[in-house]
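Colleague: Before we turn to the details, could you take me through how to read the packing here, one feature after another?

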Amino acid sequence: MFDLIDECGKDLENFGYKIKKDKTFNLSYGFLSVDSNEKEKSLEMAKGDYFILNCPDIYSYDYQIDFKIIEKLSFAIKTLLKKMKIKEKSKVLIVGLGNPDIMCDRLGKEVFDNVKINAFSNDNYIFKFCPNIYFSTGIETLDMVKAFVDKININYVFVIDSLATKDISRLGTSFQITTTGITPGSAVNRFGKKIEKNSLRVPCLSIGVPFMIFANDLNPISPNDLILAPKDIKEHIQRVGFIIAEALNKVL
């Protein structure tokens, strides 16, 4: 199981992924469209559009790199919204997934905390909430999201969550945006109901960054249920959460 499409073991360039590079900060990024049954089967990823941004040196720079990443992410979000024909100032629900009590899994909460809304304005069209995890609430996350979508007449949804990677160098350094939604708990092999367009009946985009890696991906003799995270996880999660939130604020 993998979360990042470029960890599928296939050469994505053969499927139309064109990589662009920013030499200033050693960034690489690009879009990939999984638009056929053949691609879906071969890549083992759902049909839809994917944007991948890799910034391996993010923590080697000060915050000047953050503005470049925000710029790239906001461009990608705008591009995907336009392709999905989402109108400006449509009602959007931003959902911060994950367990806020576990640092490597609280990316959604960090984004939630930094996304700006106009709660007291009659013209407010941005809504947000953190549903926590099923083991804390006893309620499927999808059911909560769908209840909000139906009650507030939401037009589209963003879901943000921590992902898992098989490459230790990608912890906190790779951003993925997709139009395919996300399955809560998939990073740690605890699968809930998938949050996606088919289940919500409105477009759904997901934004994820890997902050977890299974120990046996590094050493085969390690326990298969042992999950590792960076030692500076708190600072990394806060920084990445702020970056994603600022990209959303810039677009919305």
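Modeller: Let us begin with the core. A nonpolar core is a set of buried Ala, Val, Leu, Ile, Met, Phe, Trp, Tyr and Cys residues joined through side-chain atoms within 4.5 Å, where buried means under 20% relative accessible area with a 1.4 Å probe, protein chains only. The largest one has 43 residues, of which Leu73, Phe158, Phe175, Ile244 and Leu248 touch the most other members. Apart from it lies another core, of 19 residues, among them Leu4 and Val145. Bear in mind that this is a predicted model, in which local features need pLDDT of at least 70 and side-chain atom pairs count only at pLDDT 80 or more, while totals for chains, interfaces and linings use all residues. Residues are numbered from 1 along each chain as its sequence is written, and side-chain values use heavy atoms, with hydrogens and water left out.

Colleague: How should I read the packing of two helices, and at what angle do the axes of H2 and H8 cross?

Modeller: Two packed helices are described by the angle between their axes and the distance between the axes. Here the axes of H2 (residues 64-83) and H8, lines fitted to C-alpha atoms over the stretch in contact, with angles from 0 to 180 degrees between N-to-C directions, come within 8 Å and cross at roughly 50°. The contact (heavy atoms within 4.5 Å) includes Leu73 and Ile77 of H2 and Ile244 and Leu248 of H8.

Colleague: Which residues of helix H3 are buried?

Modeller: In H3, residues 107-114, they are Leu107, Gly108, Glu110 and Val111.

Technical notes. Buried < 20%, exposed > 50% of the residue type's maximum accessible area, 1.4 Å probe, protein only. Helix = DSSP H or I, 4+ residues; strand = E, 2+ residues; numbered from the N terminus.
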